[in-house]
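Please look over the structure shown below before reading on.

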Amino acid sequence: MPDTKHVVLIHGTWCRGDSWGPTRAAFEERGYTVHTPTLRYHELPLQEGAMKIAPLSMRDYTDDLVALVHSLDSPPLIVGLSLGGLLAQLVAARTRHVGVVAACPVQAAGFIPNPTKMRGGLSLVGRHYLQPRPWAKPLYPPSFEQFRRWIANTQTEEVAREFFADLVCESGRAYCEAAFPFLDRGKATTVNFAAVTTPVLVIRAECDRAIPPQVAPWTATRYQRGTYVEIPRSDHLVFFAEALPVTMGHIDDWIAKNHVFALA
């Protein structure tokens, strides 16, 4: 049996695999072999990739990630942030893996949002849905001011600007599938929760303004072996800067308590 302990890190909206830099290093320091895939066409410069990314479905992202997991010589730990947190769950339902970490996840189909708790999300992406055929248009990154207010609200100015500088476009179709799952006959954001019998850690950030606070605890209760934790004083970027060691500490404890890699 292979001795390699694989970790797959799935980035979030407007990002690339390279966004994981410090997090990748933290997992590698612990002896894991880390994979940081870039979602389809996200490696392209913002304008060049915009119209190629725009019509991609969450199913396209999921299919690509499933192929990566199937290519590994042993089941991995699947970790995702934000949109990546939802993708991690979709991939886990279709693959052999040892566990899932879904951090500040975008909601799966079935979650009923509280409109009063959606101000951040609406401020970031709401205008996208007001244009004709939003499912065929790229979802452009927010302004730096919006990013600073709703996503990087507890980060230093330096960290926020460094992260913001690398943002690219996101898929309008994928975001329509996430926002209006009842209109999506392909059920692209419907997670087969029952298919995931491994341990699942769902993380919320105390100061997250991008994701409604009910999403993470609701997600954790969907799983047979779900665990919910909150990162105090952190914004949406729980894997970065001062929040990173706190988040990694929770993951370390969860891995040890649940004997995660022993399941391989």
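## Basis of the model

The structure is a predicted model, in which local features need pLDDT of at least 70 and side-chain atom pairs count only at pLDDT 80 or more, while totals for chains, interfaces and linings use all residues. Residues are numbered from 1 along each chain as its sequence is written, and side-chain values use heavy atoms, with hydrogens and water left out.

## Helix H3

Helices (H or I, at least four residues) and strands (E, at least two) are taken as DSSP runs and numbered from the N terminus. Helix H3 covers residues 58-71, and its 14 residues reach 20 Å from the first C-alpha to the last, close to the 20 Å expected at 1.5 Å a residue; the expected span is 1.5 Å times one less than the number of residues. At its N-terminal end H3 is capped by Ser57, which has a side-chain oxygen 2.9 Å from the backbone nitrogen of Arg59. A polar contact, as the term is used here, is a pair of N or O atoms within 3.5 Å; within protein, one must be able to donate a hydrogen and the other to accept it, and residues adjacent in sequence count only if both atoms are side-chain atoms.

Burial is described by relative accessible area, with buried meaning under 20%, exposed over 50% and partly exposed in between (1.4 Å probe, protein chains only). The buried residues of H3 are Met58, Tyr61, Thr62, Leu65, Val66 and Val69. Seen down the axis of H3, these buried residues fall within an arc of 130°, so they line one face of the helix; the arc is that of the directions from the helix axis to the C-beta atoms. His70 and Ser71, on the other side of H3, are exposed. The buried residues of H3 are covered by elements including strand S1 (6-10), helix H2 (46-53), strand S3 (77-81), helix H4 (83-92), strand S6 (170-171) and helix H8 (172-179), where contact means heavy atoms within 4.5 Å.

## Helix H2

Within H2, Gly49, Ala50 and Ile53 are buried. These residues cover an arc of only 130° around the axis, which puts them on the same side of H2. The buried residues of H2 pack against H3, strand S5 (138-139) and S6, whereas the face turned away from the buried side carries the exposed residues Gln47 and Met51.

## The nonpolar core

A nonpolar core is a set of buried Ala, Val, Leu, Ile, Met, Phe, Trp, Tyr and Cys residues joined through side-chain atoms within 4.5 Å. The largest such core has 83 residues, and of these Phe27, Leu77 and Phe239 touch the most other members. H4 gives the most to this core, with seven residues. Leaving aside residues up to four places away in sequence, Leu77 touches residues that include Val7, Phe27, Val100, Trp254 and Phe261.

Thr13 lies in the loop between S1 and helix H1 (21-29) and is buried, with a relative accessible area of 9%. The side chains of Thr13 and Tyr175 are joined by a polar contact of 2.6 Å. Thr36, in the loop between strand S2 (33-35) and H2, counts as buried at 17% relative accessibility, and its side chain is joined to that of Arg24 by a polar contact of 2.9 Å.

His97 is found in the loop between H4 and strand S4 (99-103) and counts as buried at 10% relative accessibility. The side chain of His97 makes a polar contact of 2.7 Å with the side chain of Thr198, and a polar atom of the His97 side chain lies 3.0 Å from the backbone oxygen of Thr95. His97 and Thr197 are 100 residues apart in sequence, yet their C-alpha atoms are 9.8 Å apart in space.

## Cysteines

With a disulfide taken as a pair of cysteine sulfur atoms within 2.5 Å, the count comes to zero disulfides. Cys104 is in no disulfide, and the nearest cysteine sulfur, that of Cys207, is 11 Å away. Cys104 is buried, with a relative accessible area of 2%, whereas Cys207 is partly exposed, with a relative accessible area of 27%.
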